[in-house]
Structure formats: C-alpha cells, structure tokens
Amino acid sequence: GQCAAVCPTGAIMVKNDCDKVWKALDEKDTRVSVQIAPAVRVALGKELGIGDGENAMGRIVAALRRMGFNEVFDTSTGADLTVLEESAEFIARLGEGEHRMPLFTSCCPAWVSYAEKNEPEVVENLSTCHSPMQMFASVIKEHHRHSSRKHVHVAVMPCTAKKGEAAREEFRGAGGPNVDYVITTQELIQMIKESGLVFSELEPEAVDMPFGTMSGAGVIFGVTGGVAEAVLRRIISNKSPAALQSIAFRGVRGSEGIKEAAVKYGEREIKIAVVSGLGNAREIIRRIKDGERYDFVEVMACPGGCVCGAGQPFVLREGRESRAHGLYSADRMSSIKRSEENPLMLSLYSGVLKGRVHDLLHVRYSAEREA
Ligand code: SF4
C-alpha cells in the first residue's frame, strides 16, 4: 500500500508512516500491536461512510484485525494509568506546599514542547507522568519483553505532535522507541481505504485481553476538560453518582478556551483551570505570574482538545461538539466510570509494574532540552 505524501518534493512533508506500518504487517514473524486514542473513534466516521461524532471504536478494531494487526488495544487503558499516577502526584505535591503548585498536565506533546521552548519556568511544574500513549506502550513492550518474536507497536493518534513524542529520547526502551510508529487518524483512514475494506459494513469487535478494560474516565481524555474531570473523579472522596454529576457540571465541560472550577478536597479548596489553545496557556501563565493561584492546570494545544487535533479530518465548531458528545456518550455507556475501578489496574500494579512504576511511567522534562 502507498500513502500519498503531503508534499511531493518531501521538503515540508509531515512524516507519513503508513508504508512502514504496512511493511511491519507483512513481516512473517513480527508481532504488531496497536493502540487507538480516544479522540480517533469519533472522528473518522464521515470519511468512511458513517456519521461524524459516532463512536466507531468497534469497527476500527475489526478493521485493524483484518489489516493484520495481531493485538488491538485502547489508549483509554493507558489513560486510566495516567489518571492514577497523576492523581497521586497531585496529592503528593499538595502536601509539599504552595511552591510546588500548580501541577500542569503533560499528556499533550505540543504543549510540552511549547513550554520547553517558551516557558522554562513552568517546566518544573509539568506532571512527570507519561502520556496515556507512552504509558500503554511501556506496559505492552514490557509485557512482551521476553518473547523471541519481534514486536512492533503502533499508535493511532489525533495529531502529528505524537510522532515527535514517540521519537523522544526519554521514551526509548532498550530495543528502540516504545512506540515504533504513530499514524494519525488521517493516515488510518488512508490505510483502511487502501485495504479495500468496506468500513460501514464491518461488525464491531472488542479489543484484546488481557489489556482490554478501560473506564469512562479514560475515554474522555480526548476532549478538553477530560483529564481534569478524570483526575477529579479519582481524588474526591464522595464516590456517589450525584458527586460524579456535580464534577461534570462544575465547569470542566464545554468548549471555551479557558474554564475554571473549584472543588473541595478535605478542608482545602482546589482551583482548577482547563485550557485549550496555546494562546490561552500563555494567558493562564500570565495570570499565575500576576499572583493568581491555581492548583491544577490542564493544557491541550488544540482548541477543543484532541477531538480537533491536526491529524483528524477537519471539522467546524458543530462537528467538534458532536465529537465531544460522542466521547461523553461512551463514558455514559461504560460500566466502569473511575480509573481506580478498572480491574486491570490492580493486576498491572502487582504484575509488570511492580517495582517499576518510576521507570516505566514517569519522566522528568527539562527546560534545557533543545525542543
Ligand atoms: Fe495532539 Fe492536539 Fe491532543 Fe495535543 S491537544 S495531544 S496536539 S491532538
């Protein structure tokens, strides 16, 4: 299969990895696993004959299997790990006092490189947690480490910035990058078309075990406010359905570029900002420098979050909302709402992650790096 290059001269080409993935799929003894980011499932419908915003996860899984992938997973499972690690980090920092706050999320690589280049003083406040993509990749690479079969891991992501993240030194294991190839939603659409599958006629299938469970909290990572909401679900002590509702309506949902919310944590009032768009990130940093206090700041470079990533088919505002809606419905439909209730988490922590959490799930960003 051939993918069309963005620029015919190759001079300003965004790296297209379809050919490399097809090649890995053709290799006889290679195990090729793949993870699919939350935002992807609600964005490829229109191009493939179903509605935009419709959750096409089951069909994507079916398509990837027919294309030859041996194992198909959901990045939301990695997001559950990110929620657990980031909540723990947040609570630990709260205990260390004001000077350690706010904690900025770091799951958006475009924001991380922006901060490294332009806002060196916030780099120390970036969460040390790997993004869901990298957490999942660490786990799956570790899981197959002793197998004699060559293993290639692919991630389907909403943006090209994830290609840069996968290539970072920090995310390489002994045998190379933990994510060997990142393909965007657009590239996945291309590959599905090249494979000749009629997407709309595929019967939806479930992802593979033993890494096949995820919570609704993991799924909403794809929309602005989703990470903050998932972390809040984890840290509030009141676990009733009514409490879940009240988090949802406390201001973290909706597509405005800057949203603020406050929640009680013990005696303390936690102030949260949810930001999408780098201009808005700059604005929040300016406010912090002017003395405004925040404890947790979620930043996504794309307005609206990953549902509107640059690797996704283009949408107008209305389409953006239907994609967000698609992810919130997936959350409503999932029987596990909170990351800590995902039964897989317990077995990961007592299995592959035992004694390895720091190594496999955390990273230190540094402002000196040439981004
Ligand atoms: Fe990529 Fe945009 Fe999501 Fe950041 S917000 S991870 S740049 S799609």
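Q: Which domains is the chain divided into?
A: In this predicted model, the chain is divided into domain 1 (18–77 + 131–201) and domain 2 (82–128 + 215–352), with bounds that come from an automatic or database domain assignment. Residues are numbered from 1 along each chain as its sequence is written. Because the model is predicted, local features need pLDDT of at least 70 and side-chain atom pairs count only at pLDDT 80 or more, while totals for chains, interfaces and linings use all residues.

Q: How many residues of each domain are in contact with the other?
A: On the domain 1 side there are 31 residues in contact with 28 residues of domain 2, where contact is taken as C-beta atoms, placed from the backbone, lying within 7 Å. The centres of the two domains, taken over C-alpha atoms, are 24 Å apart.

Q: And which element gives the most to that side of domain 1?
A: That is α6, with five residues; the elements giving two or more residues there are α3 (75–96), α6 (132–143), α7 and α8 (185–195). Helices here are DSSP runs (H or I, at least four residues), as strands are (E, at least two), numbered from the N terminus.

Q: Switching to the ligand, why does it lie between the domains?
A: Domain 1 and domain 2 both give residues to the shell around the ligand, so the ligand lies between them. Among the surrounding residues are Cys-108, Lys-162, Cys-302 and Cys-306, each near in the sense that its C-beta atom, placed from the backbone, lies within 6 Å of the ligand. By class, that shell has nine nonpolar, two polar and one charged residues.

Q: Which residues of α4 are buried?
A: In helix α4 (residues 109–118), the buried ones are Pro-109, Ala-110, Trp-111, Val-112 and Ala-115, buried meaning that 20 or more other C-beta atoms, placed from the backbone, lie within 10 Å of a residue's own. Their cover includes α5 (120–123), α7 (161–167), α12 (278–289) and β10 (296–300), and Ala-110 is also one of the residues surrounding the ligand.

Q: How much of the whole chain is buried, then?
A: Buried residues make up 49% of the 371 residues, in a chain with 15 helices and ten strands.

Definitions and conventions
Ala, Val, Leu, Ile, Met, Phe, Trp, Tyr, Cys and Pro count as nonpolar, Asp, Glu, Lys and Arg as charged, and the others, Gly among them, as polar. A residue is buried if 20 or more other C-beta atoms lie within 10 Å of its own, exposed if 12 or fewer, and partly exposed in between; C-beta atoms are placed from the backbone. Two residues are in contact if their C-beta atoms, placed from the backbone, lie within 7 Å.
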